[in-house]
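Visitor: I am new to this structure and would like to be walked through it. Could we look at it together, one question at a time?

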Amino acid sequence: MTLPHALILHGLGGSGPTHWQNWLAGELAHHGGAVDLPQFSAPDAPELPVWLAELRSHLAAMPEAGAAERVVVAHSLAGLLWLHHAAGQFDEALRVDRVLLVAPPAPDFADEPLISGFLHPALDPTAVRRAAVSTRLVVGEGDPYCTLPQAKALAEELRVDLDVIVGGAHLNVDAGYGPWGAVLKWVRSGRVPLTPR
């Protein structure tokens, strides 16, 4: 089985060496997969136009459609980044096969000034389907940045499938998410639903 080309996108502050995103990149590379784990400019002081341009540059560098499945895994702030990208001008060359939005902040989350420029993306299901053939949302119960009712409302508005992980919080290192076998299986085969680490 040909492994997909994975683009793994970090959130505010980057992901750090013990984060599941770094573990995922290592596991995919170990099994011969192509992985792109970019570091966005100024991860502690993100600017939406800069991150959007960098995201689109990395999307453009992915293999041509059909050469390998193109998969994007976006954690936290990168989930809102993806929604802004999807709502922007459509470019068929940047369309991917699958997207996993992991623990994005609520689109109207107001308690973190550093991400204010990323809030209130257009929640357009048609744009989301243009940007990727399939999009899935996975959230943790008890996430301080997005309540379960907010996550369910987001999934309904985008018309995407939702996985809720009991006790998963923000699905980051603080919540115990270093190695996470379910997300590796999802990247490799699209296997769902996602489950705890």
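**A guided tour of the chain**

Guide: The place of A103 is in the loop between β4 and α4 (125-131). Please keep in mind throughout that this is a predicted model.

Visitor: Is A103 buried or exposed?

Guide: A residue counts as buried when its relative accessible area is under 20%. The value for A103 is 0%, and therefore A103 is buried.

Visitor: Which way does H120 fall, buried or exposed?

Guide: H120 also has its place in the loop between β4 and α4, and its phi is near 60°, a positive value in a residue other than glycine. H120 has a relative accessibility of 60%, so H120 counts as exposed.

Visitor: How many helices and strands does the chain have, and in what order do they run?

Guide: The chain holds six helices and six strands. Read from the N terminus on, its elements follow the order β-α-β-α-β-α-β-α-β-α-β-α.

Visitor: Why can the radius of gyration of the chain be said to agree with a compact globule?

Guide: The C-alpha atoms fill a box of roughly 40 × 35 × 30 Å along the principal axes. For 197 residues, a compact globule would have a radius of gyration near 16 Å, and the chain agrees with this because its own value is 15 Å.

Visitor: Among contacts between residues at least 6 apart in sequence, what share joins residues at least 24 apart?

Guide: Of the 197 residues in the chain, 50% count as buried, and the accessible surface comes to about 8,700 Å², with 51% of it belonging to carbon and sulfur atoms. When contacts between residues at least 6 apart in sequence are considered, the share that joins residues at least 24 apart is 77%.

Visitor: Which elements are included in what covers the buried residues of α6?

Guide: Helix α6 spans residues 181-189, and its buried residues are A182, V183, L184, W186 and V187. The cover over these buried residues includes β1 (5-9), α1 (20-30), β3 (70-75), β4 (96-102) and β5 (132-140).

Visitor: Which peptide bond is cis, with omega near 0°?

Guide: Just after α6, G190 takes a positive phi of about 80°, and P193 lies in the segment after that helix. The bond that is cis here, with omega near 0°, runs from V192 to P193.

Visitor: Which residues does P38 touch, not counting residues up to four places away in sequence?

Guide: P38 is found in the loop between β2 (34-36) and α2 (48-60), and its relative accessible area of 7% is why P38 is counted as buried. P38 and G14 are 24 residues apart in sequence, while their C-alpha atoms are 9.5 Å apart in space. Not counting residues up to four places away in sequence, P38 touches L7, I8, L9, H10 and H58.

Visitor: With which residues is D44 in contact, leaving aside its neighbours within four places in sequence?

Guide: D44 likewise lies in the loop between β2 and α2, but D44 is exposed, with a relative accessible area of 55%. Leaving aside its neighbours within four places in sequence, D44 is in contact with L12, G13 and L114.

Visitor: Which residues are the closest to the centre of the largest pocket?

Guide: The largest pocket holds about 330 Å³ of space. Of the 19 residues that line this pocket, the closest to its centre are L12, H75, S76, H170 and N172. By class, the lining has seven nonpolar, ten polar and two charged residues, and the residues asked for, closest to the centre, are L12, H75, S76, H170 and N172.

Visitor: Which residues line the largest cavity?

Guide: The count of cavities of 30 Å³ or more comes to one, and about 70 Å³ of space lies in the largest cavity. Its lining has four nonpolar, three polar and two charged residues. The residues that line the largest cavity are H85, A86, G88, Q89, F90, D91, L94, R95 and A131.

Technical notes: Residues are numbered from 1 along each chain as its sequence is written. This is a predicted model: local features need pLDDT of at least 70, side-chain atom pairs count only at pLDDT 80 or more; totals for chains, interfaces and linings use all residues. Side-chain values use heavy atoms; hydrogens and water are left out. On a 1 Å grid over the protein atoms alone, a cavity is a set of points where a 1.4 Å probe fits but cannot get out, and a pocket is an open set with protein on both sides within 12 Å along at least five of seven lines; lining residues have an atom within 4 Å of a point. Grid points are joined across faces, edges and corners, and a volume is the space filled by probe spheres set on the points. Ala, Val, Leu, Ile, Met, Phe, Trp, Tyr, Cys and Pro count as nonpolar, Asp, Glu, Lys and Arg as charged, and the others, Gly among them, as polar. Helices (H or I, at least four residues) and strands (E, at least two) are DSSP runs, numbered from the N terminus. The radius of gyration is taken over C-alpha atoms; the globule rule is 2.2 Å times the number of residues to the power 0.38. Buried means under 20% relative accessible area, exposed over 50%, partly exposed in between (1.4 Å probe, protein chains only). Contact means heavy atoms within 4.5 Å. Accessible areas come from the Shrake-Rupley method with a 1.4 Å probe; for residues, only the protein chains shown count as cover.
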